Amino acid sequence: MTKKIAVLPGDGIGPEIVAEAIKVLDWLNSDMNLGLVFENGLIGGAAYDVYGTPFPEQTIALVKQADAILLGAVGGPKWESLDISVRPEKGLLGLRSELQLFSNLRPAILYPQLAGASTLKPEVVSSLDLMIVRELTGGIYFGQPRGIRLLDNGERQGFNTLVYSESEIRRIAHSAFQIARKRNRRLCSVDKANVLECTELWREVVTETGKQYSDVQLSHMYVDNASMQLVRAPKQFDVIVTTNLFGDILSDTAAMLTGSIGMLPSASLDANSKGMYEPIHGSAPDIAGKGIANPLATILSAAMMLHYTFNDIEAAVRIKQAVNDALDASVRTADIYSEGMQKVSTSQMGNAVISALTKR
Ligand code: IPM
Ligand code: MG
């Protein structure tokens, strides 16, 4: 069966890192007869430059007919002064919303080979493996009304709306409980129920949903405390489920615990496991075009695609093992380089993963 993958390299280092992930997928495609077919499209600033919009009709059509999407990154200084409605980030938000990719999985895993890269003490982060499940298509990111208005007194006022319906909370809760079930069966729901009514409802609905998952231990935490606990004792967490904005913030903190944001993949899934897969780091315009970016987060995103959309655990595990082997072989891109290691370029890192695949 043919599996259609829409490839959206985007901006900055996007094209360089996506090329390496495609190289790895291509190799596996021939080796395991996966039936993957790729079609490229434009998103973000790259799309704006051609079509005057960051999420053009052509790309909407492409992603709708695809089974999965592999995305690089969007944004850069070139487009920062554009109106917010056509900025590259709007392309990404449009894609999430258009496909209803409400469940965003952001794992934070510390590779033992990179333990020295974390700014936290080794004992605090060693063998860290946590998963943040971020609600991705609702909350304050999409709530109406929103805008900047002029008050009668002549002063401007900015406003956004935090809103969640019960069904939106329930579906992300189910998603998180099901993931917790496949891990260590502990789920922490993060909210601000002591202040925000919207998240008071969040807590209520998550608790109610939890009754169907008596095998998963559910706890609740306020977001301010969660941000503190993440840097104090991150290993207390297995799976965290939270709102769009809190998830945006906490997932950056969690990523930094591992010291290497260049290593972390993500998946954004709809109700049928159709998904968009992207590294969690951004477009890194400062190093774009230099061939030094770390492609491993994108390669690991491709592994998540094989796992979550195509249910091919074997192929996913092969990629993850190959990444591990490449690290064991001491090759490092600049972002994860340390003394005594071999510094390699973006494409050399891709080659190291393929070479590890051929050796297994
Ligand atoms: C992320 C990013 C995006 C977000 C931006 C680029 C719109 O920070 O994926 O975490 O805020 O969701
Ligand atoms: Mg973010």
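These are my notebook entries on a predicted model.

**Ground rules.** Residues are numbered from 1 along each chain as its sequence is written, and chains are lettered from A and ligands numbered from 1 in the order in which they are written. The model is predicted, so I keep its limits in mind: local features need pLDDT of at least 70, side-chain atom pairs count only at pLDDT 80 or more, and totals for chains, interfaces and linings use all residues, while side-chain values use heavy atoms, with hydrogens and water left out.

**Overall.** I looked up the secondary structure and found twelve helices and 14 strands. Both are DSSP runs numbered from the N terminus: helices are H or I, at least four residues, and strands are E, at least two. The C-alpha box along the principal axes is roughly 65 × 50 × 45 Å. Of the 360 residues, 52% count as buried (under 20% relative accessible area; exposed is over 50%, partly exposed in between; 1.4 Å probe, protein chains only).

**Cavity.** I found one cavity of 30 Å³ or more. A cavity here is a set of points on a 1 Å grid over the protein atoms alone where a 1.4 Å probe fits but cannot get out; lining residues have an atom within 4 Å of a point. Points are joined across faces, edges and corners, and the volume is the space filled by probe spheres set on them. The largest cavity has about 30 Å³. Its lining consists of Arg106, Pro107, Ala108, Ser251, Ala254, Ala255, Leu264 and Ile280. The elements giving two or more of these residues are β4 (103–109) and α9 (244–257).

**Leu42.** I located Leu42 in the loop between β2 (36–40) and α2 (45–51). Leu42 counts as partly exposed because its relative accessibility is 30%. Leaving out residues up to four places away in sequence, Leu42 touches Leu8, Ala47, Val50, Tyr51, Pro56 and Thr59 (contact: heavy atoms within 4.5 Å).

**Backbone.** I noted a cis peptide bond from Gln144 to Pro145, with omega near 0°. Pro145 sits in the loop between β5 (129–135) and β6 (147–150). Asn33 is not a glycine, yet has a positive phi of about 55°. Asn33 lies between α1 (14–32) and β2, in the loop, and counts as exposed at 69% relative accessibility. Ala284 also has a positive phi, about 40°. At 24%, Ala284 counts as partly exposed.

Key: On a 1 Å grid over the protein atoms alone, a cavity is a set of points where a 1.4 Å probe fits but cannot get out, and a pocket is an open set with protein on both sides within 12 Å along at least five of seven lines; lining residues have an atom within 4 Å of a point.
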